[in-house]
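Subject: Structure handover

Hello,

Here is the structure we talked about. Please open it and keep it beside this message while you read.

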Amino acid sequence: MSLHLEHLNPEQLSAVTLPDEHALILAGAGSGKTRVLTTRIAWLVKGGRVAPAGILAVTFTNKAAREMLTRIGAMMTVNPRGMWIGTFHGLCNRMLRAHAREAGLPSAFQILDSQDQLAAIKRLSKSMNVDEERFPPRELQYFINDRKEEGVRARDVPPADENTRRVTELYAAYDEQCQREGVVDFPELLLRSYELLARNEILREHYARRFRHILVDEFQDTNRLQYRWLKLFRSQDAQYFCVGDDDQSIYTFRGAHVGNMGDFEREFKVKHVIRLEQNYRSHGNILDAANALIANNRNRLGKNLWTSAGKGEPVRVFEGESDNDEARWIVEEVQSLARDGTRLSHIGVLYRSNAQSRVVEHALFSQGIPYRVYGGLRFFERAEIKHALAYLRLIAMPDDDNAFLRVANFPPRGIGARSIEQLQDAAKLAGASLMKVADGKAAAFKRLIEDLRSQTQGLPLKEVVEAVIAKSGLIEHYKNEREGADRIENLEELVNAAAAFTEEERVNESGETIDPLTAFLTHAALEAGEHQAGDGQEALQMMTVHSAKGLEFDVVFITGLEEGLFPHEQSVTEPEGLEEERRLAYVAITRARHRLYLSHAQTRMLHGQTRYNIPSRFLEEIPQELMKWLTPRFSRQKPFTPDFSRQTRTTLPRPARDVGGFRIGQNVMHPKFGPGVIIDAEGHGNDARVQVNFGNLGVKWLAVAVAKLQAA
DNA sequence: TACTTTGTCCTTTTT
DNA sequence: GGACAAAGTA
């Protein structure tokens, strides 16, 4: 039950024990950020500087929030219940539930996840006869979410042009639809909570008086609205403690605004910016590689990680002939590491995009190496679970048209597209929900839901869920389906999840208990359920670089370091995009404790066709003396000869066709465009043309007779 | 109405 | 290669 302040380095200690002033902590990767944050909270509370109820601590992920609670719990005996610790969305939800009426919401309001939101937008577009070619639902969704995350309502969008005017009209209609149906999307949780406090001075003052210490994790990832939300609690006595790392900002594409760090420093007149630069995770060479790479970014607050650990091993670099070759090599290395005693769960294979996992999975599978892929379809996002949840939602909130449409005819009960259309017309006319106007065959469905509601009234959550999956006909339906067994298993798992959901008595600020079904549905929406089957088992860890943030591994593989992939082709056109890619690479490198592997492949199957990529510029930006090439460095010069000795190869590159002295797949040098790789060719002799991928300079067709191309 | 086949489109994504 | 939606068929 000790804080172990003596184990902190001077910077950590000064951050933890900072007197009453606002603070910005620039915490580098592996510098003990979470430790500082949690020790600070424990130090404040244990020292009697603040009551637990005076703490507001915000993170981005449920995982980080749980981790924080656990660590704080281990440092003190005080019940951390009184503290507000959670994600932005979780805390906003808590606030909206407590003041639903003031916020203009039904007390059992439901939360739409991104999938649900998209479905709602599609439905709206249909009902308003929107041309989906001109206004793709996806883009409407982005538009709406971007505006909400800027704190901008439809009425506040400047009608720049006809297009914007129309899109804004749809934004307004979408919000009306949500309001009518009693549902709230993710960004709405934030915005609604913000508006509630901004308009209700009494409420705002209440919370501003209450929260004396506001601590923010991953501050570089906050968007503009989140920052404004945080500022609502500002008062004479409130102190802000924001921890972040601008070099690890990898979510600007989602609206994160790194500028919040500078704004905070200025607006709160932060006297001391504390830099945590000592890294306790990685060996020297790995850190040097990361530092050298990130030094290429111009937009930085400036920070250099160091370690007292030794240099360690060099960074190992591998060039594969193909993605399959790369995968085969990974498998071999993993096997050899495992033989030498490295635990599989301490090895991470990272990639830029999810599509890359397949090839590696295939290779691992064929060699019988257990692995776990993160970030796939999550438990509460599975179709069968969503169906079951839709029934539950209709019990809690009959006006939820989203839920109605999802299951009115699932399992099929003869309510076809025609009947649905008629219902929608009637509902529109009456200004009511689909459930209200349900007649004909739909009336039977309505009765089913009503019966379920009355029969499960007051029953324990577990029995409610059991009743729903039995009486809805879901189980019956999946029994007859070819691959229904897994789905039935998942539905049974949902019953277990409901049974385990004994969340401490839900009491809101006004002392009313919140209905357990609503609490469970909220839980399902906010925590999509990262836990997977076979969670704690010994397995190789595979994930995108994005989802690796905050994690660490003894051994890390960063794969697919190729121009167009990493950095991604859709990011290299803008300098900011490229810098974000570089930060992403920085995050990837700094996940490694002892050993780091980097790899790229000459050819790769993408979207069903072979692509020829040149090595990533990031490989050039790491000093060569830190690296050890396992294959000859950028062995582009060697003519491409398939190696048949490798048994595991599943596909062979296309046979080389000679065109004007060049071959597809060959690496070339152009006097103006620099290095490139030939990806296509046509014609013969003097008419021969080749298509060359020059990486960030793009893909060009060149006439061999004219262009001064040289074999590189 | 419900199941099968063909045509389009591809980043990353904590909540 | 694979997800998803529109078009085609029983």
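First, a term you will need: a residue counts as near a strand if one of its heavy atoms lies within 4 Å of that strand. Also, keep in mind that this is a predicted model.

**DNA strand B**

How many residues surround DNA strand B? There are 31. The closest are Asn 62, Arg 254, Arg 352, Thr 544 and Ser 571.

Which element gives the largest share of the surface near DNA strand B? That is α17, with three residues. Helix α17 covers 417–430. The elements that give two or more residues to this surface are α17 and α24, the latter at 545–548.

Now zoom in on some contacts:

- Asn 62 has a polar side-chain atom 2.9 Å from a phosphate oxygen of DNA strand B.
- Ser 419 also points a polar side-chain atom at a phosphate oxygen of DNA strand B, at 3.4 Å.
- His 89 has a polar side-chain atom 3.3 Å from a base oxygen of DNA strand B.

By class, the surface near DNA strand B has 17 polar, eight nonpolar and six charged residues.

**DNA strand C**

Which residues surround DNA strand C? They are Lys 122, Arg 358, His 607 and Gly 608. Lys 122 is worth a look: one of its polar side-chain atoms lies 2.7 Å from a phosphate oxygen of DNA strand C. By class, the surface near DNA strand C has two charged, two polar and no nonpolar residues.

**Cysteines**

A disulfide is a covalent bond between the sulfur atoms of two cysteines. The cut-off used here is 2.5 Å between the two sulfur atoms. By this rule, the count of disulfides is zero.

Best wishes

Terms used. Residues numbered from 1 in each chain as written. Chains lettered and ligands numbered in written order. Predicted model: local features only at pLDDT ≥ 70, side-chain atom pairs only at ≥ 80, totals over all residues. Heavy atoms only, no water. Polar contact = N/O pair within 3.5 Å; in protein donor to acceptor, adjacent residues only side chain to side chain. Nonpolar A, V, L, I, M, F, W, Y, C, P; charged D, E, K, R; others polar. Helix = DSSP H or I, 4+ residues; strand = E, 2+ residues; numbered from the N terminus.
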